[in-house]
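Colleague: Before I use these labels, I would like to hear what stands behind each of them.

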Amino acid sequence: MEDQNEELNKVVLIGESGVGKTCIINQFITGEFEEDSLPTLTNQFCRKQFDFPDNKSISIDIWDTAGQEQYRSLNRLFYKNAKAVILVYDVSNKLSFDEIKNYWYDQIKQHCDNNIIIALAGNKCDLYEKRQISDEEGEKYAESINAIFAATSAKNASGINDLFENIALKMIDMKEQKTGE
């Protein structure tokens, strides 16, 4: 069992404004979806405990960041000591995916540790008729940057729990490799 005070396991969600970062977190923590969620103007965090078989346990701190351009320079402060970053894009908005590739991923490479866990979440996958980015395109990009891929919908909760569980399990694996457990 992990000592709660031993180490912070910080997960930061980043991406353009309106892609659903806050809604993903709310769905994961409370199981609720707010249709008219307002843009995040301040960075917020919450904590979630995972208990897996074999007495494996980990607590993660999930940080929500503002996606608006005027807050971008502040976000890099929240990358400090992050163990994982989730790059979130809206599958119905090609620009949000392009910005992951052209801006947000570069921010991770510049401001995060080399061994950071990266996940790519194609959110709003419930919007089938408006889709501009296929899961295959998201998976291909995730593979090219060695990231976990998840097709998610904060609205109907699909893929949300799996996304965070995969990150938590990877954190546990990395810790065990580091300590030789």
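This is a predicted model: local features need pLDDT of at least 70, side-chain atom pairs count only at pLDDT 80 or more; totals for chains, interfaces and linings use all residues.

Modeller: Residues are numbered from 1 along each chain as its sequence is written, and side-chain values use heavy atoms, with hydrogens and water left out.

Colleague: What makes arginine 47 and aspartate 61 a salt bridge?

Modeller: The term asks for a side-chain nitrogen of Lys or Arg within 4 Å of a carboxyl oxygen of Asp or Glu. The closest N and O atoms of arginine 47 and aspartate 61 are 2.5 Å apart, so the pair counts. The pair links distant parts of the chain, with arginine 47 in strand β2 (residues 44-52) and aspartate 61 in strand β3 (residues 56-64), 14 residues apart. Strands (E, at least two residues) and helices (H or I, at least four) are DSSP runs, numbered from the N terminus.

Colleague: How many salt bridges does the structure hold?

Modeller: Five. Among them is aspartate 90 with lysine 124, where the closest N and O atoms are 3.3 Å apart. Aspartate 90 is in strand β4 (residues 82-90) and lysine 124 in the loop between β5 (117-123) and α4 (135-144), 34 residues apart. Another is lysine 94 with aspartate 98, at 3.1 Å; both lie in helix α3 (residues 94-111), four residues apart, about one turn of the helix.

Colleague: Why is aspartate 90 called buried, and what is lysine 124 called?

Modeller: Buried means under 20% relative accessible area, exposed over 50%, and partly exposed in between (1.4 Å probe, protein chains only). Aspartate 90 has 6% relative accessibility, so it counts as buried. Lysine 124 has 23% and therefore counts as partly exposed. Aspartate 61, at 5%, is buried, while lysine 94, at 36%, is partly exposed.

Colleague: Where does α3 bend?

Modeller: At isoleucine 100, by about 45 degrees. The bend at a residue is the angle between axes fitted to the seven residues ending there and the seven starting there. Isoleucine 100 is also one of the buried residues of α3, which include Phe97 and Trp104.

Colleague: What sets aspartate 54 and asparagine 146 apart in phi?

Modeller: Most residues other than glycine have a negative phi. Phi of aspartate 54 is near 65 degrees, a positive value, and phi of asparagine 146 is near 60 degrees, also positive. Aspartate 54 lies in the loop between β2 and β3 and is exposed, with a relative accessible area of 69%. Asparagine 146 lies in the loop between α4 and β6 (148-151); at 63% relative accessibility, asparagine 146 counts as exposed.
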